[in-house]
Amino acid sequence: MKMIVAIIRHERLQEVQDVLDECGVSGVTVTEVKGCGAQRGYTEKYRGAAVHISLRPRLKIEAVMRAEIVNTVVDKMAVAARTGEVGDGKIFVMGVEDAVRIRTGEHGPETVQHAERAMWGH
Ligand SMILES: Nc1ncnc2c1ncn2[C@@H]1O[C@H](COP(=O)(O)OP(=O)(O)OP(=O)(O)O)[C@@H](O)[C@H]1O
Ligand SMILES: [Mg+2]
């Protein structure tokens with residue numbers, strides 16, 4: 001199994017969740033975060049003075065899936081999250097040893113895959 005950790009713009013959440021849904025990923029964790037990338041933040045005028053804002057709000061998306069689909073999900077997610085402007089975010093991929101569905105005690109890739117599409121409710 002693999003985990004995608006993606007940092008995205010708030011306004012791209014629905015499109016990114018739609019990709020996960022389309023690919024049969026069984027769940028997602030979304031966290032409000034702050035960060036900066038290569039530009040190290042930005043400068044804003046406040047009462048005439050330049051103020052440096054180093055951290056900008058973003059969403060962190062965590063999703064665990066079968067290893068076989070991760071490349072497809074990454075490519076689709078990059079398209080879904082892209083505006084073309086600096087600050088569009090990053091996608092990181094890492095290995096996951098195991099997953100357990102707590103209710104049933106079952107282990108492994110079956111626990112992170114949905115057989116049928118189940119819309120997120122937005
Ligand atoms: N190397 C990194 N490690 C952890 N988080 C990162 C890293 N790079 C970017 N991020 C996160 O992603 C967010 C968006 O990054 P951003 O898109 O600005 O990356 P970038 O490399 O500067 O690309 P761009 O030049 O397109 O802006 C940051 O606010 C930060 O939360
Ligand atoms: Mg940047």
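Student: Does V79 count as buried or exposed?
Tutor: The general idea is a scale of relative accessible area, on which buried means under 20%, exposed means over 50% and partly exposed lies in between, with a 1.4 Å probe and the protein chains only. With a relative accessibility of 57%, V79 counts as exposed, and its place is in helix α2. This is a predicted model, in which local features need pLDDT of at least 70 and side-chain atom pairs count only at pLDDT 80 or more, while totals for chains, interfaces and linings use all residues. Residues are numbered from 1 along each chain as its sequence is written, chains are lettered from A and ligands numbered from 1 in the order in which they are written, and side-chain values use heavy atoms, leaving out hydrogens and water.

Student: Which residues of α2 are buried, and which exposed residues does the face turned away from them carry?
Tutor: An α-helix has 3.6 residues a turn, so residues three or four places apart point the same way. In α2 the buried residues are V70, V73, V74, M77, A80 and A81. They cover an arc of only 130° around the axis (taken from the directions from the helix axis to the C-beta atoms), which puts them on the same side of α2. The opposite face, turned away from the buried side, carries the exposed residues N71, D75 and V79; of these, N71 has a relative accessible area of 58%.

Student: How many helices and strands does the protein chain have, and in what pattern do they follow one another?
Tutor: Helices (H or I, at least four residues) and strands (E, at least two) are DSSP runs, numbered from the N terminus. The protein chain has 2 helices and 6 strands, in the pattern β-α-β-β-β-β-α-β along the sequence. Among its contacts between residues at least 6 apart in sequence, 76% join residues at least 24 apart, and 27% of its 122 residues count as buried.

Student: Which residues have a positive phi although they are not glycine?
Tutor: Most residues other than glycine have a negative phi, and most peptide bonds are trans. R40, in the loop between β2 (29-35) and β3 (42-46), has a positive phi near 60° and counts as exposed at 55% relative accessibility. R47, in the loop between β3 and β4 (49-53), has a positive phi of about 50° and is exposed at 76%. A glycine, G24, follows α1 with a positive phi near 80°.

Student: Which residues surround ligand 1?
Tutor: A residue is near a molecule if one of its heavy atoms lies within 4 Å of it. Ligand 1 is surrounded by I7, G35, C36, G37, A38, Q39, V86, G87, D88, G89, K90 and F92. Polar contacts are pairs of N or O atoms within 3.5 Å; within protein, one must be able to donate a hydrogen and the other to accept it, and residues adjacent in sequence count only if both atoms are side-chain atoms. A backbone N or O atom lies 3.1 Å from an oxygen atom of ligand 1 in C36, 2.6 Å from one in G87 and 2.7 Å from one in G89. Of the 600 Å² of accessible area that ligand 1 has on its own, the protein covers 67%, with areas from the Shrake-Rupley method and a 1.4 Å probe, where for residues only the protein chains shown count as cover.

Student: Where is T111 found, and is it buried or exposed?
Tutor: T111 is found in the segment after β6, and at a relative accessible area of 8% it is buried. A polar atom of the T111 side chain lies 2.7 Å from the backbone oxygen of G108. Leaving aside residues up to four places away in sequence, T111 touches S26, A99, V100, R101 and E106.

Definitions and conventions
Contact means heavy atoms within 4.5 Å.
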